[in-house]
Amino acid sequence: MVLFFVLDGFAQEAFKIKWSMDYTQSGISNHVNFAPADAVLAGGGNTNALNGGYGLGGATVAAYVVRPWPNSFSDGRYMEFKFTAKSFKYNIYSISLRLRRSPDGPKQFKIRTSMDGFVSDLTASTLVNPSQFYTLSVPAGFNNLSENTFTFRIYGYAPTSIYGTLWFDEIIVNGDVLAIVLPVYLTYFKAAASDGKALLSWETTWEKNSKQFLIERSADLRSFEAIGTLPASGETFGRTRYEFIDPAPLPGVNHYRLQMIDADEKIAFSYLVNVLIRSETPSLCIAPNPASTSRISVFGKNRIAESFVLTDLAGLRIAIKLESNSQGFVDIIPVQPLSPGLYLLSCQQNGLKEHAKVLVR
């Protein structure tokens, strides 16, 4: 079945998928259309890697440090980065990355993609100087992609020693999501808080062969859980309104989206709506709030500093350092000064995840 209906007001949008390599090989996306997989090292282990495989010098926060590398190019030794697209078509216009080699590390690197089965080079270049990060942006030009898995691999070779290392930092795919085709014409999707519950409402003006709406919720814009379904109207040519109540939203900011499913099991996603649920006692006590661009202070004893995560409202993680003082309070220090605006602070401890909005001025 061909889906003919266009989401009102949804134009082409830029997206970014990032593997920060900050003590993790997981990736994040600022758009619901993409699900990044963890980065994977192929062709053997990270033999004798120092500091658990991570290094700090010159990295945005930390970088993944890999050895050994082959003397000549091998298509079996690489770091692989992969993501899956869901319903919407998209373009990829560049891959950006930061690389650094040790003095005896691999001087040459290549990038290949799954678009041609990893046969040809998207780029091949030289890291001339050791012990410094090169920031690179490689044009891609892959257009009108649809539901698929896109993979690219970074190959290193030509070290002068088996102990030579290559550092990976801030690996980013940049592109655009195209105008989105959906199984219904959605005129609005709203969320509001009432007595500790989240009230969701939306309206369609035309449906064709629509089956149901799956309501999903997220606390961190990374993982979504299904919290309920409503049957769709199937065939309509007038205004149809829907309502759904989330009786137990999480304290803090809750993000909601709709999966719109037709009778052929084709799926498309709505845009996100957010609602702030305030608990009787603040989940995270931040003072002052608004905070400064260089420090966010969180009050509350017995908190573990490493449990904090700071993101912007698009879900992109922000590099931070944490300092605990003698009173048990935590100061969150951004590695780079924050721009004015709203941010989301999360803390997961003892199986409980708490969230708070932070206004920076």
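In this predicted model, E80 and R153 meet through their side chains in a salt bridge, with N to O at 2.8 Å. The pair links distant parts of the chain. E80 belongs to strand β8 (residues 78–85) and R153 to strand β13 (residues 149–157), 73 residues apart. Both E80 and R153 are buried.

E216 and R257 form a salt bridge too, their closest N and O atoms lying 2.5 Å apart. This pair also links distant parts of the chain: E216 sits in strand β18 (residues 210–218), R257 in strand β22 (residues 252–262), and 41 residues separate them. E216 is buried, and R257 is buried as well.

R217 has a salt bridge of its own, to E225, with the closest N and O atoms 2.6 Å apart. Is R217 buried or exposed? R217 counts as buried because its relative accessibility is 9%, under the 20% limit. E225 has 38% relative accessibility, so it counts as partly exposed. Elsewhere, salt bridges with shared partners tie K110, R112 and D121 into one network. The whole structure has 13 salt bridges. In general, oppositely charged side chains can pair when their charged atoms come close.

| Salt bridge | N to O separation |
|---|---|
| E80 – R153 | 2.8 Å |
| E216 – R257 | 2.5 Å |
| R217 – E225 | 2.6 Å |

**Overall fold**

How many helices and strands does the chain have? There are zero helices and 31 strands. The chain has 361 residues, and 49% of them are buried. Take the contacts between residues at least 6 apart in sequence: 69% of these join residues at least 24 apart. The accessible surface of the chain is about 16500 Å². Carbon and sulfur atoms account for 51% of that surface.

β25 pairs with β26 (residues 296–299) over two bridges, in the antiparallel sense. I286 has V298 in β26 as its bridge partner.

**Nonpolar cores**

The largest nonpolar core holds 40 residues. Which residues have the most contacts inside it? They are W19, I92, F152 and F168. Another core lies apart from it, with 18 residues, including L284, F308, I318 and Y343. Nonpolar side chains in soluble globular proteins tend to be buried together.

Neighbours within four places in sequence aside, I92 contacts F15, F83, A140, G141, F142, L145, F150, V173, N174 and G175.

**Surface**

Y185, W206 and F237 make a nonpolar surface patch of about 320 Å². Y185 lies in strand β16 (residues 184–194). Its relative accessibility is 30%, so Y185 counts as partly exposed.

S137 is in strand β12 (residues 134–145). S137 is exposed, because its relative accessible area is 55%, over the 50% limit. Residues up to four places away in sequence aside, S137 touches S94, I95 and S96. Along the chain, S137 and I95 are 42 residues apart, but their C-alpha atoms are separated by 5.8 Å.

**Backbone**

Most residues other than glycine have a negative phi, and most peptide bonds are trans. The following residues depart from one or the other pattern.

Two cis peptide bonds can be described here. R67 and P68 are joined by a cis bond with omega about 0°. P68 lies in the loop between β7 (63–66) and β8. N289 and P290 are also joined by a cis bond, with omega about 25°. P290 is in the loop between β25 and β26.

Where does N144 lie? N144 is in strand β12. Its phi is positive, near 60°, and N144 is not a glycine. N144 counts as partly exposed because its relative accessibility is 46%. A158, which is not a glycine either, has a positive phi of about 70°. A158 is in the loop between β13 and β14 (166–177).

Conventions:
Residues numbered from 1 in each chain as written. Predicted model: local features only at pLDDT ≥ 70, side-chain atom pairs only at ≥ 80, totals over all residues. Heavy atoms only, no water. Core = buried A, V, L, I, M, F, W, Y, C linked by side-chain atoms within 4.5 Å. Buried < 20%, exposed > 50% of the residue type's maximum accessible area, 1.4 Å probe, protein only. Contact = heavy atoms within 4.5 Å. Helix = DSSP H or I, 4+ residues; strand = E, 2+ residues; numbered from the N terminus. Areas by Shrake-Rupley, 256 points an atom, 1.4 Å probe, with all protein chains shown as cover. Pairing = 2+ DSSP bridges. Salt bridge = Lys/Arg side-chain N within 4 Å of Asp/Glu carboxyl O. Patch = residues over 30% accessible without salt bridge, like charges linked within 9 Å, V, L, I, M, F, W, Y side chains within 5 Å.
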